[in-house]
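Subject: Structure for your review

Dear colleague,

Please find the structure below. My notes on it follow.

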Amino acid sequence: MSNLDALDLARIQFAFTVSFHIIFPAITIGLASFLAVLEGCWLKTSNAVYKDLYHFWSKIFAVNFGMGVVSGLVMAYEFGTNWARFSDFAGSVTGPLLTYEVLTAFFLEAGFLGVMLFGWDRVGRKLHFFATIMVAIGTLISMFWILSSNSWMQTPQGIEIVDGRVVPMDWFKIVFNPSFPYRLAHMALAAFLSTALFVGASAAWHLLRGRDTPQVRKMLSMAMWMILVATPVQVVVGDAHGLNTLEHQPAKIAAIEGHWENIPGEASPLVLFGLPDMDAERTRYSLEVPYLGSLILTHSLDKQIPALKSFAKEDRPNSTIIFWSFRVMAGLGMLMLACALLALVLRRGGALYRNRLFLWFALLMGPSGLIALLAGWFTTEVGRQPWVVYGMLRTTQAASNHSATQMSITLALFVLIYFSVFTVGIGYMMRLVRNGPKAHEEHVSPEQPGQLATARRPLSVAD
């Protein structure tokens with residue numbers, strides 16, 4: 001770390017903590033809605049398979065939810081400790097938005113989470129279903145406020161700057177800023193896809209081990225249907241998001257494309273692969289498809305996409321990073337679609353649950369949703385540089401006045417603690433996945449015949 005200054009270390013520390021954190025809310029959002037669907041299907045059909053899956057995935061949801069809350073608390077403190085100048089500049093906007101998230105989503109989740117996890121035998125069916133729905137809605141509301149705050153940093157509006165500080169003038173414009181609808185839909189679909197791939201991989205693992213039960217089959221079937229529906233929608237939303245980014249953050253698009261200069265009167269090519277060189281101002285070893293860049297990003301053959309050389313050097317995002325992070329995200333998206341289409345073909349042939357090559361494919365695709373989600377966030381956040389609040393506050397102006405030594409020590413401690421604590425938590429959650437769903441007869445409590453055993457402590461939802 002000797003070659004890194006305090007600003008670099010502060011950025012690495014926040015990137016590390018937020019990357020670790022985001023995987024838990026993504027699975028929490030997806031699992032909460034999945035649990036609501038499972039309980040709704042059980043109430044409508046009385047099919048015990050849905051109830052079994054609810055009990056199984058509610059255990060994993062509980063552990064994941066707890067790790068998400070713990071990992072997210074750290075970032076709130078980092079705004080004050082490492083990014084004090086940003087908090088001083090924009091706290092009048094980001095502070096209330098994050099407060100709204102606590103007052104609405106967190107209270108809603110906390111109020112109904114206990115009923116959802118431990119109230120199966122203590123409240124009526126409809127009330128329990130209502131609690132599950134409220135928790136699912138709470139996770140979506142939480143995503144709403146977090147994405148609103150982050151999107152405002154990407155496309156700020158509805159404010160004035162007075163004496164070097166942001167003063168809110170129109171909260172509707174602040175909340176519903178230009179990039180917010182696209183980024184909200186993109187993140188929601190990413191959470192659902194990440195969860196579906198996780199559920200599908202879990203089912204594939206059990207099927208490969210010879211555990212072919214109705215519960216496992218239902219898991220795989222529901223996961224593949226979700227991927228089949230959500231992936232094409234995500235492609236459409238991603239395209240709309242790209243057009244919005246082209247309008248409001250053209251330098252980010254130029255860096256994503258590794259596109260340095262335009263030839264007058266000629267449509268822009270699409271650079272498939274290459275090695276962007278920020279110093280040499282070119283993309284080495286580029287493999288280009290003529291006209292395709294203009295066609296995809298402007299939906300025409302007579303318009304050009306922005307070129308990096310048209311922006312001052314100090315205003316250019318690091319193309320070396322986001323050129324590849326974007327392609328990782330897009331490439332995995334294509335593999336997700338291939339997985340879903342293959343599942344559809346095998347389903348029609350009656351081999352969905354028996355084809356071992358497909359099951360291995362589904363298993364290996366398990367982490368792909370989270371990897372794509374992280375790649376997307378890297379593209380978004382690194383692509384916003386050199387700005388923290390786009391066009392208003394540079395990253396160099398936002399950091400606290402710490403030394404490189406101080407930042408090195410805290411970063412090392414974060415890495416040590418996070419890997420120690422969350423490795424154990426993730427391992428525990430994966431052990432639950434390996435146990436697999438049980439048939440409904442196995443939920444019966446020996447102390448209370450005919451009733452389901454209920455946990456008395458949060459982590460005792462696991463066997």
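Is D88 buried, partly exposed or exposed? D88 is partly exposed, at 42% relative accessibility (buried is under 20% relative accessible area, exposed over 50% and partly exposed in between, with a 1.4 Å probe and protein chains only).

Two remarks on conventions. This is a predicted model, in which local features need pLDDT of at least 70 and side-chain atom pairs count only at pLDDT 80 or more, while totals for chains, interfaces and linings use all residues. Residues are numbered from 1 along each chain as its sequence is written, and side-chain values use heavy atoms, with hydrogens and water left out.

Salt bridges

The whole structure contains nine salt bridges (a side-chain nitrogen of Lys or Arg within 4 Å of a carboxyl oxygen of Asp or Glu). One of them joins D88 to R165, with 2.9 Å from N to O. Helices (H or I, at least four residues) and strands (E, at least two) are DSSP runs, numbered from the N terminus. R165 is partly exposed, at 41%.

E261 and K309 form another salt bridge, with 3.7 Å between the closest N and O atoms. This pair links distant parts of the chain, 48 residues apart: E261 sits in the loop between α8 (250-257) and β3 (270-277), and K309 in the loop between α9 (292-298) and α10 (319-349). E261 is exposed at 52%, whereas K309 is partly exposed at 37%.

K313 pairs with E281, the closest N and O atoms being 3.9 Å apart. Here too distant parts of the chain are linked, 32 residues apart, with K313 in the loop between α9 and α10 and E281 in the loop between β3 and β4 (282-289). K313 is exposed, at 57%, while E281 is buried, at 18%. E281, K313 and R316 are linked in a network of salt bridges.

L270 stands opposite V289 in β4.

Backbone points to check

Most residues other than glycine have a negative phi, and most peptide bonds are trans. Y285, not a glycine, has a positive phi of about 55°; Y285 lies in strand β4 and is exposed at 69%. Y291 likewise has a positive phi, of about 70°, and is found in the loop between β4 and α9. Y291 is partly exposed, at 46%. The peptide bond from Q385 to P386 is cis, with omega near 10°, and P386 is in the loop between α12 (368-384) and β5 (387-389).

Helix packing

The axes of α2 (residues 48-81) and α7 (residues 214-248) come within 9 Å and cross at roughly 80°. Axes are lines fitted to C-alpha atoms, for helices over the stretch in contact, and angles run from 0 to 180 degrees between N-to-C directions. The contact (heavy atoms within 4.5 Å) involves residues including F56 and W57 of α2 and M219 and M222 of α7.

Regards

Terms used
Two strands pair if DSSP finds at least two bridges between them.
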